[in-house]
Amino acid sequence: MITTTTATTQRPATGTLPQATAEPVWVRVLLTTVALFFLALFLAAPLYIVFSQALSDGFALYLAALTNPDALAAVRLTLLVALIVVPLNLAFGVAAAWAITKFEFLGKGVLLTLIDLPFAVSPVIAGLIFVLLFGAQGVLGPWLDEMDIKIIFAVPGIVLATLFITFPFVARELIPLMQEQGTEEEEAARVLGAGGWATFWRVTLPNIRWGLLYGLILCNARAMGEFGAVSVVSGKIRGLTNTMPLHVEILYNEYNLAAAFAVASLLTLLALVTLVIKSVVEWQGERQRAAALEMRAEEA
């Protein structure tokens, strides 16, 4: 007589954690306390200080600081730079990610290294590079002077410095996403007769839209908050080449603390809005990935 033994897998009861993660209560309390302490110390406390100092002289003076002509000029320049830099990074990021993930070509590794270069170079060094290239005593300085083209201590220099600092964000967000997705869907579209643009708009772009939006949000946040490289190439001319971070520094150095914190609070509000949008994008992206995995599981 042959008896067959069937192995059954023991599963934890509903609401209980697996043994590997069932740590003692004191460990969970300690870790949670440490995390909350660091959040309070490095996030909540600075936010409270910024807004309390900004409103320390009253709401009327707070509004006066924000509506000051120099402050408004700094806000306009910051938005203008972001408006120029973000679309350029969008075009570069998509093109670079498409080339790196869909094609094999000579110099692919060099391109990847160059994309990561702004992460390794100090922003101040990046600003100095542009000064050495386009400054009055730089490599192209005499020629630019003859052509009456002003880059350093002008808006073009701020745009170039910000563009250099921010161009990895979109590309670096898209490259791993597009590598994970592979090329099967694009190849299927080409087999069905779709051209390159039709394949991109109808197949590739819908698959990467959340990652693309996430990269644009990070790029925009860095563009508006960049200080080091912009400080070197701008000249810090009031009303002309001062971005919001530079205007905060000037006000602070003049001991106009209420006005400095007022402009800083505006930057903080922009950062908080960016954080909320980023969280929504991440949530939508997770929902999309979960739906795709569930669809693939049903098909299997």
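Q: What makes the set of 22 residues the largest nonpolar core?

A: A nonpolar core is a set of buried Ala, Val, Leu, Ile, Met, Phe, Trp, Tyr and Cys residues joined through side-chain atoms within 4.5 Å, and the largest such set in this predicted model has 22 residues, with Val-81, Phe-130, Phe-134, Ile-152, Ile-158, Phe-164 and Val-233 having the most contacts inside it. At least two residues of this core are supplied by each of α3 (69-102), α5 (123-134), α7 (155-166), α10 and α11 (228-234), where helices are DSSP runs of H or I, at least four residues, numbered from the N terminus. The largest share, 5 residues, comes from α7. Another core, of 19 residues, lies apart from it and includes Ala-171, Ile-175, Leu-177 and Phe-200. Residues are numbered from 1 along each chain as its sequence is written, and side-chain values use heavy atoms, with hydrogens and water left out. Because the model is predicted, local features need pLDDT of at least 70 and side-chain atom pairs count only at pLDDT 80 or more, whereas totals for chains, interfaces and linings use all residues.

Q: Which residues does Ile-152 touch, not counting residues up to four places away in sequence?

A: Ile-152 touches Phe-130, Val-131, Phe-134, Gly-135 and Val-233, contact being heavy atoms within 4.5 Å.

Q: Why is α5 called oblique to α7?

A: The axes of the two helices, lines fitted to C-alpha atoms over the stretch in contact, come within 10 Å and cross at roughly 135°. Angles between N-to-C directions run from 0 to 180 degrees; those under 35 degrees count as roughly parallel, over 145 as roughly antiparallel, 65 to 115 as roughly perpendicular and the rest as oblique, and therefore α5 is oblique to α7.

Q: What is the contact of α5 with α7 by class?

A: Pro-123, Ala-126, Phe-130 and Phe-134 in α5 meet Leu-160, Ala-161, Phe-164 and Ile-165 in α7. This contact has 8 nonpolar, no polar and no charged residues, since Ala, Val, Leu, Ile, Met, Phe, Trp, Tyr, Cys and Pro count as nonpolar, Asp, Glu, Lys and Arg as charged, and the others, Gly among them, as polar.

Note on methods:
Buried < 20%, exposed > 50% of the residue type's maximum accessible area, 1.4 Å probe, protein only.
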